[in-house]
Structure formats: structure tokens, C-alpha cells
Amino acid sequence: MNIIEIITKKKNGYALTDEEIDYAFQNYLNEKIPDYQMSSLLMAICINGMNYDETTHLTDLFLRSGDTLDLSSIDAPKVDKHSTGGIGDKTTMIIGPIVASLGVVVPKMSGRGLGITGGTIDKLESIPGFRTNLKEDEFLSLLKKNGFAVTSQTSNLVPMDRKIYALRDVTGTTESLPLIASSILSKKIAGGADKILIDIKVGEGALVKTMSEAIKLSDIMKKIGEKYKKEVRTLLTPMDTPLGYAIGNRVEVLEAMAVLKGESKSPLTDLCVQLASHMVSMGKNLSYDVARDEVLAALEDGSAYQKFVDFVHDQGGDLDQVVLNSNKVDILAPCDGEIDSISALKMGELAISLGAGRLQKEDEIDPGTGIMLHHLVGEKVQKGDVLFTMYGKEEALLPFVDPNEYYTFK
Ligand code: URA
């Protein structure tokens with residue numbers, strides 16, 4: 001067996017055997033296969049897919065590449081949530097505190113940005129001092145204390161996915177359903193939660209572009225969940241327009257705080273209430289409506305915001321230092337009218353070009369860069385109103401932006 005035969009077999013549209021999958025991925029992890037050959041195999045998988053057996057085998061291999069977390073010492077229901085990623089998706093920072101404030105533990109192992117979509121770890125690390133590389137015993141003790149903690153994938157939890165994920169990010173191979181399914185579920189299963197909620201984002205600003213692909217992904221994930229005896233619930237939610245007002249890292253932390261304080265209402269708030277209600281319903285075996293009432297009460301009485309403050313404090317973050325760069329430019333409405341669309345894809349690309357994401361594995365994110373929208377779809381604006389503000393790297397020249405490439409009006 002050799003890697004070129006395996007790449008060629010997948011390129012020609014054939015299913016790989018368990019042994020071939022093991023050979024390619026194991027040797028990549030052990031650095032016996034270089035990035036360029038794995039990139040080629042990933043591209044062949046991206047184009048020709050993987051069947052259910054290949055996908056479950058890859059999930060299993062990812063899972064077995066490292067340790068799994070044992071959360072059995074935590075005497076409370078444990079529900080994890082994952083989003084397949086979108087532009088401005090800061091839901092974890094909002095939902096985790098809400099759900100934890102209601103007695104359901106949220107053990108979150110999160111990733112960095114992938115493609116044009118941001119990652120929770122990058123967002124949280126934009127809070128000065130915030131530590132995401134928690135050791136297992138600290139993660140467990142923070143979960144026992146706060147009911148919510150976020151850690152990056154440590155080197156011994158699903159190390160194979162971490163390596164593959166970073167390579168997919170920079171090789172145009174993010175949008176493959178079997179790679180998405182195995183990446184997400186291996187991490188969720190290794191993370192030790194009893195139940196898992198997956199928010200599958202669908203649209204031009206998401207990894208999954210069409211409803212039919214989203215349904216396929218949902219089916220694969222539920223089937224993999226059954227194999228591991230974990231309840232997997234999925235929601236299919238739109239991602240054509242950015243989620244909420246902020247796109248970037250610190251800008252998103254600021255928006256998450258505003259939502260938790262009840263100061264910002266947008267489709268983001270509605271989605272967070274929906275996701276949190278599902279998690280509370282799964283964790284406490286309540287009906288969705290009863291769980292929703294609890295979620296709304298936790299937002300209303302400030303307990304969800306307080307949980308966020310405790311969570312950030314206990315992971316070392318200093319919320320007083322969450323400031324944006326001073327190098328900024330306002331983009332103005334070119335005409336009077338009602339906003340018909342805001343392109344999530346274009347906004348994601350713009351945020352990366354400002355310094356909020358990576359084009360290459362080694363790129364450093366500048367946490368104070370990003371975009372803050374001032375108006376959302378459906379709102380009326382007048383010519384000259386500020387549509388959005390771009391925050392660039394200090395000293396950098398901000399790009400020329402034609403608002404008509406980002407917004408349409410009617
Ligand atoms: N999130 C992940 O963890 N992996 C993917 O492949 C996509 C989204």
C-alpha cells in the first residue's frame with residue numbers, strides 16, 4: 001500500500017478500505033506523509049465524498065488518535081453544542097452561560113477559524129488574558145464550578161483532527177460533508193457530553209451551501225451518534241447574511257455581552273434562545289416550550305450574564321480590556337432604501353483581509369480588527385447613513401470598499 005495509490009483510488013471515485021484510511025491518516029499524523037500528499041487526498045475526498053462506512057471509520061480513527069474525556073464525576077446533565085460555522089457566529093459565548101445558569105453543564109471543546117468562518121477559540125483568546133489551553137483537571141474543576149468552560153483541543157484530544165483541520169483551512173477542503181461530520185463528531189464524542197446539539201448552518205456564508213447537503217450531513221451525524229449511543233439533535237439554520245452585528249473576534253465578544261445583558265436584539269438573539277432551549281430541553285428532559293421559558297428568565301434576571309462574567313474571569317480573561325483597534329473607517333449607504341441582503345460570504349472575506357482570520361496556517365489574527373454592522377436586513381436607511389464600520393490593523397491602510405458589493409437595497 002502506498003499513499004499515491006490511495007490518492008489515485010479516491011480521485012477515481014472509489015471507496016477506501018479501513019486499512020487504506022488508517023494508512024493515510026495515521027502516517028500523516030506521524031509525519032511520514034507530508035502536507036502536500038494529504039492535501040491532495042483531502043481534495044479527492046472533497047470532490048468524490050466518502051460513504052457511511054468510510055465516514056464512521058474516519059470518525060473512529062480520529063477519536064482513537066487521542067484521549068477521551070471522562071465527565072462521569074460531574075453529577076449533572078451534560079449537553080454539548082456545535083455549529084458548523086458561519087460568519088458572525090458567536091452563539092457559543094452566549095448559549096454556554098445561559099444553559100449553565102439553568103443547571104445543565106456545557107463542556108465545550110472548540111476550534112479555531114476554518115475557511116471564512118471564525119472559531120470560538122480565536123474569539124475568546126481575543127479577550128486579554130483568556131486561557132483556552134486548559135489541562136483536563138482544570139477543565140473539569142471549572143465545569144463543576146461554573147457549569148461552562150471552553151478549552152481548545154489539547155494535543156492529546158483528537159490530535160488527528162487538529163492537524164487535518166488546520167490543513168483543510170488553507171487548502172480549500174473545508175466543505176466536504178464526511179470531513180465535517182468526522183471532524184465534529186470525533187471531537188464531540190471525545191468531549192464526553194451525554195447529548196449533542198448540532199447547528200448546521202446553510203447558505204453562502206456557511207461551509208454547507210444547500211439544504212439538500214445540510215439534510216445529508218444531519219443524517220450522517222445522527223447515524224454516527226447512534227453508533228456511539230449519544231443523542232444527536234440537529235437544527236438547520238440559515239447563513240446567507242452575517243449572524244448579528246459583529247464579525248471578527250473582540251467585536252463578537254462585545255456583541256455577545258450585549259445580547260446577554262439584553263441590550264441587543266437581532267436574529268442572533270432569537271437563534272441563541274432557540275439553541276439554548278433545545279439544550280435545556282435535552283439536558284432536563286423538558287418540553288421545548290418549558291425550557292424556553294427558563295431560558296428567557298435567565299436572560300431577563302441577569303443570571304446568564306453573571307455566568308459569562310464568572311466564566312471569563314475564571315479562565316483568566318479581563319473584560320475591561322476588550323477594546324477595538326482605533327484604525328477604523330465607516331462605510332456609508334450609497335442610496336436611500338430598505339436593505340434587501342448583506343452578503344455573509346463577502347463580509348467573511350473582508351473580515352479576513354482586515355486581520356480577523358487566517359489565509360495561511362501560520363497567520364496571526366489581530367484581535368482588535370473586524371466589522372461592526374450598523375443596520376441589518378429589512379431596515380430602512382438613507383443615503384450617507386453608516387452601514388458598517390471596519391476596524392483594521394493599527395497603521396495598516398484600510399481597503400477601498402464599494403458598499404454595493406456587500407449590501408443590496410430595494
Ligand atoms: N467544525 C469543525 O469542528 N469541523 C469542521 O470540519 C467544520 C466545522
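# Contacts, burial and salt bridges

Student: Which residues does Leu197 touch, not counting residues up to four places away in sequence?

Tutor: Leu197 touches Asp80, Lys81, His82, Arg233, Leu235, Leu275, His278, Met279 and Met282, where contact means heavy atoms within 4.5 Å. This is a predicted model, in which local features need pLDDT of at least 70 and side-chain atom pairs count only at pLDDT 80 or more, while totals for chains, interfaces and linings use all residues. Residues are numbered from 1 along each chain as its sequence is written, and side-chain values use heavy atoms, with hydrogens and water left out.

Student: Why is Leu197 called buried?

Tutor: Its relative accessibility is 0%, and buried means under 20% relative accessible area (exposed is over 50%, partly exposed in between; 1.4 Å probe, protein chains only). Leu197 therefore counts as buried. The residue is found in strand 4 (residues 195–202), a strand being a DSSP run of E with at least two residues and a helix a run of H or I with at least four, both numbered from the N terminus.

Student: What makes Ser277 count as buried, and where does its side chain reach?

Tutor: Ser277 has 0% relative accessibility, so it counts as buried. It lies in helix 12 (residues 267–284), and its side chain reaches the backbone oxygen of Val273 at 2.5 Å. Leaving aside neighbours within four places in sequence, Ser277 is in contact with Tyr288, Ala291, Arg292 and Val295.

Student: How do you know that Arg358 and Asp122 form a salt bridge?

Tutor: Their side chains meet at 2.9 Å, N to O. A salt bridge is a side-chain nitrogen of Lys or Arg within 4 Å of a carboxyl oxygen of Asp or Glu, so the pair of Arg358 and Asp122 qualifies. Side chains of opposite charge can pair when their charged atoms come close.

Student: How many salt bridges does a search of the whole structure find?

Tutor: The search finds 19 salt bridges. One of the pairs is Glu54 with Lys10, whose closest N and O atoms are 3.0 Å apart. This pair links distant parts of the chain, 44 residues apart, with Glu54 in helix 4 (residues 52–64) and Lys10 in helix 1 (residues 3–11). Both Glu54 and Lys10 are buried.

Student: What makes Asp314 buried and Lys145 exposed?

Tutor: The relative accessible area of Asp314 is 17%, so the residue is buried; Lys145 is at 53% and therefore exposed. Their side chains meet in a salt bridge at 2.4 Å, N to O. Asp314 is in helix 14 (residues 303–314) and Lys145 in helix 7 (residues 136–146), 169 residues apart.

Student: How is the chain divided into domains?

Tutor: The domain assignment gives domain 1 (3–49), domain 2 (79–320) and domain 3 (323–409); such bounds come from an automatic or database assignment. The C-alpha centres of domain 2 and domain 3 lie 24 Å apart.

Student: How do you know that domain 2 and domain 3 touch, and what area do they bury?

Tutor: 27 residues of domain 2 are in contact with 29 residues of domain 3. The two domains bury about 2200 Å² between them, 64% of it on carbon and sulfur atoms; buried area is the accessible area (1.4 Å probe) lost on putting two parts together, summed over both. Tyr245, Ile247 and Arg250 supply 29% of the area that domain 2 buries against domain 3, more than any other three residues. The count between these domains is one salt bridge.

Student: Why is Gly248 called buried, and which residues is it in contact with?

Tutor: Gly248 is at 8% relative accessibility and therefore counts as buried. Its place is in strand 6. Leaving aside neighbours within four places in sequence, Gly248 is in contact with Lys123, Ala356, Thr369 and Gly370.

How values were computed. Polar contact = N/O pair within 3.5 Å; in protein donor to acceptor, adjacent residues only side chain to side chain.
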